[in-house]
Amino acid sequence: MGDTGRHQQCPKCPPTGVTPMPRLGLYALIVCVLSVAAAVVSFTRGSFLGIVWVLLAGLSSNMCWYYVKRARQQKSVTG
């Protein structure tokens, strides 16, 4: 028939009871960690370019929280 919009688990994967992190949330978390590392390196070298990296870390951490919370809400609604 048609797609019901529900997430179907992999038939080969055993049920673990743990919801995987949304892909965009995971990417945002990786960007956050890398930008914090870049900010630390930049500041230790005496460059003020680290301010840009700190701002990017803040933006990406907010994106990560948004996608994780949205996935939790969708799971509780369709649950």
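Reply: Start with burial: buried means under 20% relative accessible area, exposed means over 50%, and partly exposed lies in between (1.4 Å probe, protein chains only). Buried residues make up 15% of the 79 residues in the protein. This is a predicted model, where local features need pLDDT of at least 70, side-chain atom pairs count only at pLDDT 80 or more, and totals for chains, interfaces and linings use all residues. Residues are numbered from 1 along each chain as its sequence is written, and side-chain values use heavy atoms, without hydrogens and water.

Me: What makes up the fold, in helices and strands?
Reply: There are 2 helices and 0 strands. Both terms refer to DSSP runs, numbered from the N terminus: helices are H or I with at least four residues, strands are E with at least two. Helix 1 covers residues 23–44. Helix 2 covers residues 50–78.

Me: How do you know how many disulfides the structure has?
Reply: A disulfide is a covalent bond between the sulfur atoms of two cysteines. The test is a pair of cysteine sulfur atoms within 2.5 Å. The closest cysteine sulfur to that of Cys32 is in Cys64, 7.4 Å away, so this is too far for a bond. The search of the whole structure finds 0 disulfides.

Me: What makes the pair of Tyr66 and Tyr67 stacked or edge-to-face?
Reply: A pair of aromatic rings is described by the distance of the centres and the angle of the planes. Rings of Phe, Tyr and Trp (its six-membered ring) pair if their centres lie within 6.5 Å; planes under 30 degrees apart are stacked, over 60 edge-to-face, and the rest tilted. The count by this rule is 1 aromatic pair. The ring centres of Tyr66 and Tyr67 are 5.2 Å apart and the planes stand at 70°, so the pair is edge-to-face.

Me: Are those two tyrosines buried or partly exposed?
Reply: Tyr66 has a relative accessible area of 48%, so it is partly exposed. Tyr67 is at 18%, so it counts as buried.

Me: What does Tyr67 touch beyond its sequence neighbours?
Reply: Contact means heavy atoms within 4.5 Å. Leaving aside neighbours within four places in sequence, Tyr67 is in contact with Pro22, Leu24 and Gly25. Tyr67 lies in helix 2.

Me: Which residues does Ser42 touch?
Reply: Not counting residues up to four places away, Ser42 touches Ser47, Leu49, Gly50 and Trp53. Ser42 lies in helix 1. At 10% relative accessibility, Ser42 counts as buried.

Me: How do you know how far apart in sequence the contacts reach?
Reply: Take contacts between residues at least 6 apart in sequence. Of these, 54% join residues at least 24 apart.
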